[in-house]
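Here are my notes for someone opening this one for the first time. Have a look at the model, then read on.

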Amino acid sequence: GGLGLRGAGFVAREVGVDGAKKLLADNALRFLTFPWIPPAVPEPAAERTWKCDWCDKRFPVSQESFKKLGYEYCTMPCLSSHRKADF
């Protein structure tokens, strides 16, 4: 959109060279003084975690877990402790 290069000649003829320079300078000044507000910084995505069914600690999904009978454990000692408690 806009007048392009051919339009610049038209503007210069209509308002004169000095008027065209002032018009360009005013437009540039208005653009540069526009009250721009930077966008808000996005919240970091919450890391996905899983919870040990015995000790209730949370761990990132990337950490290995031990699964048995539908339960999920963080370590073999947690799994053993649960087994000793007669689950």
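The points below go through a helix, an aromatic pair, a core and the cysteines.

1. Some ground rules. This is a predicted model, so to speak of local features we need pLDDT of at least 70, and side-chain atom pairs count only at pLDDT 80 or more, while totals for chains, interfaces and linings use all residues. Residues are numbered from 1 along each chain as its sequence is written, and side-chain values use heavy atoms, with hydrogens and water left out.

2. Start with helix H2, residues 76-84. Helices here are DSSP runs of H or I with at least four residues, strands are E runs of at least two, and both are numbered from the N terminus. The buried residues of H2 are Cys78, Leu79, Ser80 and His82. Buried means under 20% relative accessible area, exposed over 50%, and partly exposed in between, with a 1.4 Å probe and protein chains only. What do these buried residues pack against? They sit against strand S3 (66-68) and strand S4 (71-73), with contact meaning heavy atoms within 4.5 Å.

3. His82 belongs to helix H2 and is buried because its relative accessible area is 9%. Its side chain makes a polar contact of 2.5 Å with the side chain of Tyr73. Such a contact is a pair of N or O atoms within 3.5 Å; within protein, one must be able to donate a hydrogen and the other to accept it, and residues adjacent in sequence count only if both atoms are side-chain atoms.

4. Now the rings. Those of Phe, Tyr and Trp (its six-membered ring) pair if their centres lie within 6.5 Å; planes under 30 degrees apart are stacked, over 60 edge-to-face, and the rest tilted. The count comes to two aromatic pairs. One of them, Tyr71 with Tyr73, is tilted, at 6.3 Å centre to centre and 35 degrees between the planes. Tyr71 is partly exposed at 33% relative accessible area, whereas Tyr73 is buried at 0%.

5. Cys52 is buried at 0% relative accessibility, and Cys55 is partly exposed at 28%.
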